[in-house]
Amino acid sequence: MADNNNNNRNEYFEERAGTEDARFHVVPHKEEGWAIKREGEDVPELTTESKDKAIEEAKKMAKDTSTMVIIHNDDGQIEDQLNYKE
């Protein structure tokens, strides 16, 4: 069942990839500390050592594109969502 839920989630993100509905996720990054990733994309938009810096930049990106920021904690779980849709 977990595999099916994961597949559904991946399909959901892939459908929004490259569209104006793609949201920015602030996620832990193995090498740099924190990353901003657009939904459905593997390559980060930005990496930084500071979570606060990643959140600040993700907010700017989301405001510019009228979308959302999804902030994850150290374990990858969602801890906050910020909506900048008009």
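Modeller: Here is a walk through helix α2 (residues 51-65). Keep in mind that the model is predicted.

Helix α2 has 15 residues. From first C-alpha to last it reaches 21 Å, close to the 21 Å expected at 1.5 Å a residue.

Take the ends. At the start of α2, a side-chain oxygen of S50 comes to within 3.3 Å of the backbone nitrogen of D52. Just after the helix, S66 adopts a positive phi of about 55°.

Now the packing. K51, A54, I55, E57, A58, M61 and A62 are the buried residues of α2. Their packing partners are the strands β1 (24-29), β2 (33-38), β3 (46-48), β4 (68-72) and β5 (78-83).

Then the charges. K60 forms a salt bridge with E56, with the closest N and O atoms 3.8 Å apart. Both residues sit in α2, 4 residues apart, about one turn of the helix. K60 also forms a salt bridge with E57, where the closest N and O atoms are 3.4 Å apart. E57 and K60 are 3 residues apart, again about one turn. Salt bridges with shared partners join K53, E56, E57 and K60 into one network. An α-helix has 3.6 residues a turn, so residues three or four places apart point the same way.

How exposed are these side chains? K60 is partly exposed, at 42% relative accessibility. E56 is partly exposed as well, at 40%. E57 has a relative accessible area of 16%, so it counts as buried, the cut-off being under 20%.

Notes. Residues are numbered from 1 along each chain as its sequence is written. This is a predicted model: local features need pLDDT of at least 70, side-chain atom pairs count only at pLDDT 80 or more; totals for chains, interfaces and linings use all residues. Side-chain values use heavy atoms; hydrogens and water are left out. Helices (H or I, at least four residues) and strands (E, at least two) are DSSP runs, numbered from the N terminus. The expected span of a helix is 1.5 Å times one less than its number of residues. Buried means under 20% relative accessible area, exposed over 50%, partly exposed in between (1.4 Å probe, protein chains only). Contact means heavy atoms within 4.5 Å. A polar contact is a pair of N or O atoms within 3.5 Å; within protein, one must be able to donate a hydrogen and the other to accept it, and residues adjacent in sequence count only if both atoms are side-chain atoms. A salt bridge is a side-chain nitrogen of Lys or Arg within 4 Å of a carboxyl oxygen of Asp or Glu.
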